[in-house]
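Have the sequence and the 3D view handy as you read.

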Amino acid sequence: MLPSTLRFDLSTKEVMEVVDGSAFVSVNGAPEQEFKVGQSWEVEKGGYFIIRAEQPVHYVCHFE
């Protein structure tokens, strides 16, 4: 993901894992947290997350 702020509304449970860079994430309106390489966040089915990247970041989505 290039520097930007994006919102994702989920229809399935997902786990996102940062593999390069870092990003700031808010899950379902919770306070924003920074996630770095090796860290992950989880969003339940029907939830959403907002991701803000100040630099390029790569993350992998695992669908459940």
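## What counts as a salt bridge

A salt bridge here is a side-chain nitrogen of Lys or Arg within 4 Å of a carboxyl oxygen of Asp or Glu. Side chains of opposite charge can pair when their charged atoms come close.

Keep in mind that this is a predicted model. How many salt bridges does the rule give? The count comes to five.

## Arg7 and Asp9

Start with Arg7, which pairs up with Asp9 in a salt bridge. Their closest N and O atoms sit 2.8 Å apart.

Are these two buried or exposed? Asp9 counts as exposed because its relative accessibility is 55%, over the 50% cut-off. Arg7, at 47%, is partly exposed.

## Arg52 and its partners

Now move on to Arg52. One of its salt bridges is with Glu32, with 2.6 Å between the closest N and O atoms. This pair ties together distant parts of the chain, 20 residues apart: Glu32 lies in the loop between β3 (22-27) and β4 (33-36), while Arg52 belongs to strand β6 (residues 48-53). Glu32 is partly exposed, at 42% relative accessibility, and Arg52 is partly exposed too, at 24%.

Arg52 also meets Glu54 in a salt bridge, at 2.6 Å from N to O. Glu54 is exposed, with a relative accessible area of 57%.

## A linked trio

Which residues form a network of salt bridges? Look for Lys13, Glu42 and Glu44, which are linked this way.

Note on methods. Residues numbered from 1 in each chain as written. Predicted model: local features only at pLDDT ≥ 70, side-chain atom pairs only at ≥ 80, totals over all residues. Heavy atoms only, no water. Buried < 20%, exposed > 50% of the residue type's maximum accessible area, 1.4 Å probe, protein only. Helix = DSSP H or I, 4+ residues; strand = E, 2+ residues; numbered from the N terminus.
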